[in-house]
Protein chains: 4
Amino acid sequence: MEKFRFLTAGESHGKCLTAIIEGLPAGLNIDIDFINSELKRRQQGYGRGDRMQIESDTAEITSGVRFGKTLGSPITLVVKNRDFESWKKIMSVAPEDITDEKAFSTFRPGHADYAGSVKYNQTDLRNILERSSARKTAIEVAVGAIAKLFLKEFGIECSSEITQIGTACCCDKFKEEIDLTKENGDSVGGKFVVVYKNLPIGLGSHVHWDRGIDGRLAQVVMSIPAVKAVEIGENPLGYYGSTYHDEFTLNNGEIGRSSNHAGGIEGGMTNGQDLVISAVMKPIPTMRKPLKSVDSKTHQPTEAHFERSDVCAVEACSVVAETRIAWVLANEILLKFGGDSIEELKHNYHK
Amino acid sequence: MEKFRFLTAGESHGKCLTAIIEGLPAGLNIDIDFINSELKRRQQGYGRGDRMQIESDTAEITSGVRFGKTLGSPITLVVKNRDFESWKKIMSVAPEDITDEKAFSTFRPGHADYAGSVKYNQTDLRNILERSSARKTAIEVAVGAIAKLFLKEFGIECSSEITQIGTACCCDKFKEEIDLTKENGDSVGGKFVVVYKNLPIGLGSHVHWDRGIDGRLAQVVMSIPAVKAVEIGENPLGYYGSTYHDEFTLNNGEIGRSSNHAGGIEGGMTNGQDLVISAVMKPIPTMRKPLKSVDSKTHQPTEAHFERSDVCAVEACSVVAETRIAWVLANEILLKFGGDSIEELKHNYHK
Amino acid sequence: MEKFRFLTAGESHGKCLTAIIEGLPAGLNIDIDFINSELKRRQQGYGRGDRMQIESDTAEITSGVRFGKTLGSPITLVVKNRDFESWKKIMSVAPEDITDEKAFSTFRPGHADYAGSVKYNQTDLRNILERSSARKTAIEVAVGAIAKLFLKEFGIECSSEITQIGTACCCDKFKEEIDLTKENGDSVGGKFVVVYKNLPIGLGSHVHWDRGIDGRLAQVVMSIPAVKAVEIGENPLGYYGSTYHDEFTLNNGEIGRSSNHAGGIEGGMTNGQDLVISAVMKPIPTMRKPLKSVDSKTHQPTEAHFERSDVCAVEACSVVAETRIAWVLANEILLKFGGDSIEELKHNYHK
Amino acid sequence: MEKFRFLTAGESHGKCLTAIIEGLPAGLNIDIDFINSELKRRQQGYGRGDRMQIESDTAEITSGVRFGKTLGSPITLVVKNRDFESWKKIMSVAPEDITDEKAFSTFRPGHADYAGSVKYNQTDLRNILERSSARKTAIEVAVGAIAKLFLKEFGIECSSEITQIGTACCCDKFKEEIDLTKENGDSVGGKFVVVYKNLPIGLGSHVHWDRGIDGRLAQVVMSIPAVKAVEIGENPLGYYGSTYHDEFTLNNGEIGRSSNHAGGIEGGMTNGQDLVISAVMKPIPTMRKPLKSVDSKTHQPTEAHFERSDVCAVEACSVVAETRIAWVLANEILLKFGGDSIEELKHNYHK
């Protein structure tokens, strides 16, 4: 994660989310509409609450871009939190505004609340949940949208698709499964696949473990909130060596492959085939049906239940995965081809 | 991977494998027998070729340890390649020894050969395969054994277990599956689970994506040669929110959990439960039954087949995973608790 | 620079400067007035233009702090550029606003203009100078002010002092030298010393070159715009071994030193004495008296002369140095003592 | 220090010094004789003890190079310690060999002994001094020699020169100054300058403080044992803005400069002129004339005096600086131009 580096910040109900990206070449076209369309995609999907459908995140760029092109200097992205006005006092930076309003003491199973409060020595769990919230993925998607714009310069495109919702493996059944889950006041997870096409051969490397692109991709996908499993290519458990490995073919002297079970990665490197990564998302941990919990202050049994209406967020998760994968690919291209301007980089890329 | 940092080096048939580890505190007891026992574990398992059973790797320490204790300075580990004498000329560093003997031009499906030769501009594929070989995991295991020794100081212990070989999910069937595969001149993959017990709460963090311990663990496991999938805890696809999440319980005022589906990680942090990570290994790509390939020099069709007798290396892979996970845990403990001597670190840890 | 990590962004006439800091523990008191007072100090000093004296930077915190205390999550700092309204169109992010107004083509000696335009393939030098401007040190000082607040928790305090202006080595002569320089339409540099007191023994290390705190300090000071030399402690050229080295003394059984020529660092580590670092700043490269230059577009000789009235900025530079040194010290303390909350860190620190 | 990364290890009287370098492209010619000639240069210079003149370090490569060319995989360098046989027991890794022989308890002023023993909780100071010894610069020079070989591929060459010994500024007086110091049983420091020629424009950057090449160079030079000051270009204190800055000139349409006071760096970037860096080395802290000290065990006053005959090591220090600067330049070229093979890199470089 060295050349394309960035930091993100922001609480769920704070003033805004912010990111700074350092390391992109100068001269890259930045299409703000594309960034906003990615932010919108993240907010959608069957199974999201009504709130998500209405409000629409937009990004503002406050540095690093002039007249639509990157300058080579760090890019600042800001995504405002629309309801900040009503949280202004509760999320205030100022010591004098201290209040117990909206303080929170029930450890929610499946969340950072418990471990986070122990780690950071906090009694008001709001001080943990404001940052552990999936809200922060909005700014991550904005960062990834910029990475995608960079990849587009080289003709690299991506798509994603939901392949399972709960136990339903057929896409005709997905809505049904979500509707049923909603009726039960429950939540449900799922599985999706992301595909990147037209990648160059040799991103990543076999020469040192931490240069393997498979590991870097697994890191960015597994660290998405709620993701618990990552796969590259086909699950090998149904195959033997003779049926799993992608044999080499020759078509008019051009080297090709008979299949793509490996998902486009061999020896920790892209091999010129489509990159195929799947991930499994757990059911959202806040639901109408309450879970048993404990109160952090009273140390008494209690229930964790929440008025939040997302039943399934697998589609949003796939957008987050797409954009995070773009981080890794952009970084690998920058490392492999060098270049301080997009023109120089393209020269090196297309030699 | 910041405080416990290391580099590894070495070709499969070169003189030796080497690692340098920087960042461990002074005063840690280094039990060389334990390191060697881990190296031995890596070489075993049903399904390995005869060669593996006989030869036995051992590590030598050439810096950073004196009278059995770390000095705080970088530790050098060396594992000799036992058959170097017969490869001396073929793997020579000297320009004048250049030879075509053992040169290699058939791209092996499932290996780094193709992408690696394109990336590094090599025609003799030996220049790729010597480093992409799983041989390099020997020195990685030695590094991980030192990380395990460090973890033991805090009572942290690990175990692993094979849970599937090919399509056989029951351990009674594993040998049978391997024997059958061997008869067919084929190879077979599998799945294993690693469990770490007695971890402190709060390794990793929710505050920034790259501090999530789930992502860091996924990286080290997915980048093991031949691993194609990583899971943390139970696969959530069979569950709803109400059945997946691990409810909080109270036992005599002590906070506990009713289950451990999350595999010990919530919000990117260890939560005090057992850490449970599974991985799927693909079938070894070299087998008696040949795969179709292309010759890199002649650009003619050919066959990739090899005289190597490993049929299944899932057990070795689980040892590699155990030790790599130890890298991450050691690093997180060093970051969380600080300390330049083991005494100082223990003071901070047990406060 | 691992545990206390941050990125800064912002153009000189853009909307704002931004920084995100990641890695501070939770529970640290953030005194916004202190941050603003450091920003003010940076804007002052004899020899600055009138503009500097009037306008006053202030920082806003938009994440990572609640009710005056850090949350452990990333902190966002924003310093607005006060004259952005008049530059809005010229510095616009939008492609449609493209204009040649304020475009710039004379390479200024002593600036990034020439190398930057070659590197980033830019013809309008404004695209370089907007970021290379010393304006960016405002947000760096804000970051350093937070590091200083962290250091204060451990009783670590700092001061700085100008020791030379041009060839004037006596502080009575500094104003005179600056006045004379101003009359000549010229600019003048100088030398300053920064002292940090009450540091713990053992920040940095001798075990690996990049862990030496001397090198890390030299990096942050030398990379301040206009700094060309860095010294730690006394210049050794006037000494022999027998007179330079700081002998050990005993006062009532307490180990002390007879002198501090080493400036508080031996073997790449703090040794418990005051940390003493000096730096030399070159004369500001923009002055009334023009320098010979070349036009980047016409490739014709021209003159680089500028309506900017700073004659000497050594005092501001010393404030930047103070705060940058605080970055390094904060990071080293975080690495050495660990801790995710300020309470835990203090426990480890004061053991 | 991202793309050209390495770790070094080894105690002064241990078995050997080791380094692993990761990140160089494949196909680079490695001339072992050049590496050894650099090691020899480091051991020479007027004022060194007799021992240095006789023994001669040589490097062995045990990975990453085949038939004289890099493979793209990590390179291991080993430099043996010639007198290890006589230190075998004293520096043994094995716990059972524990002994007090050669244990050491007098804090030597100017060394890491005091801070190191506090930091790492050691009573036998040998456990500190074995690593803090300047012996470790031997393997650093070997690493730098490889970086120099890389730079040579692009026509980049370097030289260095001593400019001051103690207070003697004229090279005719250097030997005299050293002889006099030796007679007095004392030691003396000095100053040297390193010059790199034929660098490309735009190594480093102005866009973020830690990308400035001036800071990176200052770090590698200041962290050399005994270096206390670093300067880039001319000392600006004797100049005004109008006389210091290097004006642009035109010679037959070619942009040039009237001078090189800036030492080849403006805005944190190389500007196409010669890179000029000076450093000041303190007098060696071990000398015949004893310094006052304290015994770490008895807490009684004592004297630190040593049977080591180096009086002045400024020349060796300049070799270390040359090679460390090569680390930075190699890394910057790798970052700027990309490339996984030397052929690809050259294509990008010479476009």
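Predicted model: local features only at pLDDT ≥ 70, side-chain atom pairs only at ≥ 80, totals over all residues.
Local features require pLDDT of at least 70 and side-chain atom pairs pLDDT 80 or more, whereas totals for chains, interfaces and linings use all residues. Residues are numbered from 1 along each chain as its sequence is written, chains are lettered from A in the order in which they are written, and side-chain values use heavy atoms, without hydrogens and water.

Chain D is superposed on chain C by a rotation of 180 degrees with 0.0 Å of shift along the axis, at an RMSD of 0.0 Å (least squares on C-alpha atoms of residues with pLDDT of at least 70 in both copies). This is the relation of a two-fold axis. Within chain D, Gln219(D) comes closest to that axis, its C-alpha lying at 2.4 Å.

The contact (heavy atoms within 4.5 Å) takes 98 residues from chain D and 98 residues from chain C. Because 100% of the interface residues of chain D are also interface residues in chain C, the copies meet through the same surface. The buried area, the accessible area (1.4 Å probe) lost on putting the two parts together and summed over both, is about 7,900 Å², with 65% from carbon and sulfur atoms. Trp209(D), Leu237(D) and Phe248(D) supply 12% of what chain D buries against chain C, more than any other three residues.
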